[in-house]
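Here are my notes on this one, written as numbered points. Have the viewer open while you read.

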Amino acid sequence: MSPPANNSTDDLIEALAEIEHEQWMHWSQAVAPKVLTGIVDNWRSSWVDYAELTEELKEADRVWARKVVMLLRKRKLIL
């Protein structure tokens, strides 16, 4: 069981989720010319700032952010 989240952890998760989204946009735009048009068409709607994403898409980025936080806690780099 993971420790309860606090405002500091929530802020970190949100910041990491935003970076995750930026990383995904960079990658997806780089590979877009090699990907089927239908897939790229679906991606285009997500090529926006993190703040403009739906809560569902933000949560998908938060999942990866929480994994980073869990790794940092496991390595005792953060509380």
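This is a predicted model: local features need pLDDT of at least 70, side-chain atom pairs count only at pLDDT 80 or more; totals for chains, interfaces and linings use all residues.

1. Residues are numbered from 1 along each chain as its sequence is written, and side-chain values use heavy atoms, with hydrogens and water left out.

2. Is His21 buried or exposed? His21 sits in helix α1 and is buried, at a relative accessible area of 3%. The cut-offs here are under 20% for buried, over 50% for exposed and partly exposed in between, using a 1.4 Å probe and protein chains only. Leaving aside neighbours within four places in sequence, His21 is in contact with Ser46, Val48, Asp49, Tyr50, Leu53 and Asp61; contact means heavy atoms within 4.5 Å. As for element names, helices (H or I, at least four residues) and strands (E, at least two) are DSSP runs numbered from the N terminus.

3. His21 also turns up in the lining of the largest pocket, together with Glu20, Trp24, Ser46, Leu53, Leu57, Ala60, Asp61 and Trp64. The elements giving two or more residues to that lining are α1 (7-31) and α3 (55-74), and α3 has the largest share, four residues. By class there are five nonpolar, two polar and two charged residues. In that scheme Ala, Val, Leu, Ile, Met, Phe, Trp, Tyr, Cys and Pro are nonpolar, Asp, Glu, Lys and Arg are charged, and the others, Gly among them, are polar.

4. The volume of the largest pocket is about 150 Å³. For the method: on a 1 Å grid over the protein atoms alone, a pocket is an open set of points where a 1.4 Å probe fits, with protein on both sides within 12 Å along at least five of seven lines, and lining residues have an atom within 4 Å of a point. Points are joined across faces, edges and corners, and the volume is the space filled by probe spheres set on them.

5. Arg62 is found in helix α3 and is buried, with a relative accessible area of 11%. Its side chain has a 2.8 Å polar contact with the side chain of Glu14 and another, at 3.1 Å, with that of Glu55. The C-alpha atoms of Arg62 and Ala15 are separated by 9.1 Å, although the two residues are 47 apart along the chain.

6. Lys58 is another one to look at in helix α3. Lys58 counts as buried, at 13% relative accessibility, and beyond its neighbours within four places it is in contact with Tyr50, Ala51 and Leu53. Tyr50 in turn touches Glu14, Ala17, Glu18, His21, Lys58, Asp61 and Arg62, again not counting residues up to four places away.

7. Tyr50 belongs to the largest nonpolar core, whose six residues are Ile13, Ala17, Tyr50, Leu53, Ala65 and Val69. The elements giving two or more residues to this core are α1 and α3. A nonpolar core is a set of buried Ala, Val, Leu, Ile, Met, Phe, Trp, Tyr and Cys residues joined through side-chain atoms within 4.5 Å.

8. Last, a backbone check. Lys76, in the segment after α3, has a phi near 60°, a positive value in a residue other than glycine. Lys76 is exposed, with a relative accessible area of 71%.

Note on methods: A polar contact is a pair of N or O atoms within 3.5 Å; within protein, one must be able to donate a hydrogen and the other to accept it, and residues adjacent in sequence count only if both atoms are side-chain atoms.
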